[in-house]
Amino acid sequence: MPASLGDHRRRRAPFTTTTPTLVAHSPVCFLQVALFLVLSGASEQSSWSEWQVLQPEGPILVAEGDTLLLRCTVVGSCADDMIKWVKESSQDQQEIYNFKRGFFPGVTSAVQRTRERLDCDYSIYIHRVTKEHSGTYHCVRFAVSSEDLDTKLGEGTAVTVQGAGDPKPDLWIIQPQDLVEVTTGDTALLNCTVLGDGPPGPIRWFRGTGLSREAIYNFAGLSHPNVTAVRASDSDFSILLPDVSTKDAGTYYCVKFQRKSNRQYLSGQGSKLRVKGEAACLGQV
């Protein structure tokens with residue numbers, strides 16, 4: 001592990017103070033609340049085919065003894081009793097976390113960690129990881145009437161745990177901000193530190209995961225015109241998003257690509273950006 005890794009992990013950007021969600025007592029807000037509840041009820045009755053589970057493919061590198069953040073978002077409906085995490089290794093499959101029941105030492109829901117309800121966010125933390133935590137992790141849904149998986153395992157998120165005695169890795173991507181909160185019109189700073197060189201290829205930023213993810217910034221190519229790089233040092237690959245709106249909310253990933261194969265080589269754990277409107281009835285969820 002690079003000698004300066006610990007220092008970089010401790011440099012977390014300050015977050016704004018989270019305030020309780022307030023519902024204004026006005027006819028407009030009342031109608032919005034009513035519409036929200038109706039749509040929520042309709043969503044709960046949506047068919048399984050409308051569900052989509054999104055998680056980053058990785059690979060993610062984490063130091064032994066650190067906390068691993070595994071991100072997962074479910075699109076289409078939110079049902080805690082139908083989602084769980086499974087770890088796949090060369091030997092077997094192991095249930096890591098079940099949102100319906102069970103006790104899983106060393107593993108917590110990201111919702112518990114942030115003390116707020118992030119609807120459709122089924123990310124988890126694995127604390128004090130060991131070499132045995134290396135493997136591929138799948139965020140999956142299972143049938144309502146049983147614990148059998150309702151879908152085949154996809155690519156999942158590949159995780160490698162770097163031991164204290166292991167050879168120094170050629171590359172390490174550090175995204176120290178799990179959650180960034182800003183208000184509409186502010187400038188959002190998304191931190192990313194890249195230690196080492198790795199294979200030839202650019203560092204890029206994306207919002208979201210999978211085939212539908214949005215390219216945000218390319219340090220060796222075209223980028224969004226309003227997004228700028230910080231570059232305070234050779235290892236700094238942070239970006240600034242000016243004049244943000246609620247449309248900019250999402251999870252942003254700092255990713256290293258391998259130029260020869262044009263494939264993703266290593267990914268950060270992601271930074272979730274929440275944008276709060278100055279006068280919102282329901283707030284950001």
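Biologist: Why is Glu214 called partly exposed?

Modeller: This is a predicted model, and in it Glu214 has a relative accessibility of 27%. Buried would need under 20% and exposed over 50%, so a residue in between is partly exposed.

Biologist: What makes the contact between Arg207 and Glu214 a salt bridge?

Modeller: The closest N and O atoms of Arg207 and Glu214 are 2.7 Å apart. The cut-off is within 4 Å, for a side-chain nitrogen of Lys or Arg and a carboxyl oxygen of Asp or Glu. So Arg207 and Glu214 qualify.

Biologist: How many salt bridges does the structure hold?

Modeller: Five. Another one of them joins the side chains of Glu95 and Lys84, at 3.2 Å from N to O. Glu95 sits in strand E6 (residues 93-98) and Lys84 in strand E5 (residues 83-88), so this pair ties together parts that are eleven residues apart in sequence.

Biologist: How do you know whether Lys84 is buried or exposed?

Modeller: Check the relative accessible area: Lys84 has 7%. Buried means under 20%, so Lys84 is buried.

Biologist: Why are Lys272 and Asp121 called buried?

Modeller: Again, the limit is under 20%. Lys272 has a relative accessible area of 17%, and Asp121 has 6%, so both names get the buried label.

Biologist: Back to E5 and E6: which sheet are those strands in?

Modeller: An open one of five strands, in the order E2-E10-E9-E5-E6, with mixed pairing.

Biologist: What makes E2 and E6 the edge strands?

Modeller: Strand E2 (60-63) and E6 each pair on one side only. Neighbouring strands of this sheet are turned by 30 degrees against each other on average, direction ignored.

Biologist: How do you know that E9 and E10 pair?

Modeller: Pairing takes at least two bridges. Strand E9 (residues 135-141) and strand E10 (residues 157-162) have three, in the antiparallel sense, so they count as paired. Within that pairing, Gly135 stands opposite Val159 in E10.

Conventions. Residues numbered from 1 in each chain as written. Predicted model: local features only at pLDDT ≥ 70, side-chain atom pairs only at ≥ 80, totals over all residues. Heavy atoms only, no water. Helix = DSSP H or I, 4+ residues; strand = E, 2+ residues; numbered from the N terminus. Buried < 20%, exposed > 50% of the residue type's maximum accessible area, 1.4 Å probe, protein only. Axes fitted to C-alpha atoms, helices over the stretch in contact; angles between N-to-C directions.
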